[in-house]
Amino acid sequence: MESVLREYHSTMGALIVEYEGTVDRFAGDGILIFFNDPLPVPDAARRAATMALRMQEQFGSLRARWSKLGYDLDLGIGIAQGFATLGAFGFEGRFDYSAIGGVVNLAHRLCNKASAGEVLIDRKVRAGLDDDAKVETLTPLNLKGYAHPVPAFRLSGSG
């Protein structure tokens, strides 16, 4: 399993670098990525969306190979856009540079709701995409920690 995880991280890592994302952390097969820090990027929503679609595309070929080895793995992605607190968090002797805040929680909740092969986005990401992006409006989602259903969209192509 270690080699599968290493191949997954390597493949996804190359895309993160290509789209100028910043890896906050790896948590097993989960990767928290943010944009616009430490260096600003002009079209963060579009970059994140395009990167996510490419991740799904490349994951498909990895999944096929891993399936032959007996591993049944899938990838769901959640993307949210907004303000986060960025900085060094931790305690004396152990600090990590990280992002925290409501937008990080929203992205995580969307990721948890995403089925295999899905990219779920929030309304701010939707607003940052071209009109010709392939986006399906979903019934608002009931997400842990949110008092009211949250508008969400399924991204299947970028314009």
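Reader: Which side chain does D24 make a polar contact with?
Author: The side chain of S98, at 2.8 Å. A polar contact is a pair of N or O atoms within 3.5 Å; within protein, one must be able to donate a hydrogen and the other to accept it, and residues adjacent in sequence count only if both atoms are side-chain atoms. This is a predicted model, where local features need pLDDT of at least 70, side-chain atom pairs count only at pLDDT 80 or more, and totals for chains, interfaces and linings use all residues. Residues are numbered from 1 along each chain as its sequence is written, and side-chain values use heavy atoms, with hydrogens and water left out.

Reader: Where is D24, and is it buried or exposed?
Author: D24 sits in strand β1, residues 22-27. Helices (H or I, at least four residues) and strands (E, at least two) are DSSP runs, numbered from the N terminus. D24 counts as buried because its relative accessibility is 11%. The cut-offs are under 20% relative accessible area for buried, over 50% for exposed, and partly exposed in between (1.4 Å probe, protein chains only).

Reader: What else does D24 touch?
Author: Leaving out residues up to four places away in sequence, D24 touches L32, F34, Y97, S98 and A99. Contact here means heavy atoms within 4.5 Å.

Reader: And which residue does D24 form a salt bridge with?
Author: With R25, the closest N and O atoms being 2.5 Å apart. A salt bridge is a side-chain nitrogen of Lys or Arg within 4 Å of a carboxyl oxygen of Asp or Glu. R25 is partly exposed because its relative accessibility is 41%.

Reader: How many salt bridges by that rule?
Author: The count comes to 12. One of them joins E118 and R154, with the closest N and O atoms 2.4 Å apart. E118 lies in the loop between α3 (102-113) and β6, and R154 in strand β8, so the pair ties together parts that are 36 residues apart in sequence. E118 is buried at 12% relative accessibility, while R154 is partly exposed at 26%.

Reader: Which residues are linked in a network of salt bridges?
Author: E20, D43, R46, R47 and D130. R46 has a relative accessible area of 32%, so it is partly exposed.

Reader: What's the peptide bond from D37 to P38 like?
Author: That bond is cis, with omega near 10°. P38 is found in the loop between β2 and α2.

Reader: What about F35: where is it, and what does it touch?
Author: F35 is in the loop between β2 (30-34) and α2. Not counting residues up to four places away in sequence, F35 touches Y19, E20, G21, V41, A44, R47, A48 and M51. F35 is buried, its relative accessible area being 16%.

Reader: New topic. Which residues touch the most other members in the largest nonpolar core?
Author: M55, I79, V119 and I121, out of 30 residues. A nonpolar core is a set of buried Ala, Val, Leu, Ile, Met, Phe, Trp, Tyr and Cys residues joined through side-chain atoms within 4.5 Å. The elements giving two or more residues to this core are α1 (2-18), α2 (44-68), β3 (77-79), β6 (119-121) and β8 (153-157). α2 gives the most, with 11 residues. Another core lies apart from it, with 15 residues, among them A80, V103, L141 and L143.

Reader: How do β6 and β8 run?
Author: Antiparallel, joined by 2 bridges. Two strands pair if DSSP finds at least two bridges between them. L120 stands opposite R154 in β8. Strand β7 (residues 134-137) also pairs with β8 in the antiparallel sense, over 4 bridges.

Reader: Which element has the lowest mean pLDDT?
Author: β1, at 88, while β6 has the highest, 98. pLDDT is the predictor's confidence in each residue, from 0 to 100. The mean for the protein is 93, and 99% of its residues reach 70 or more.
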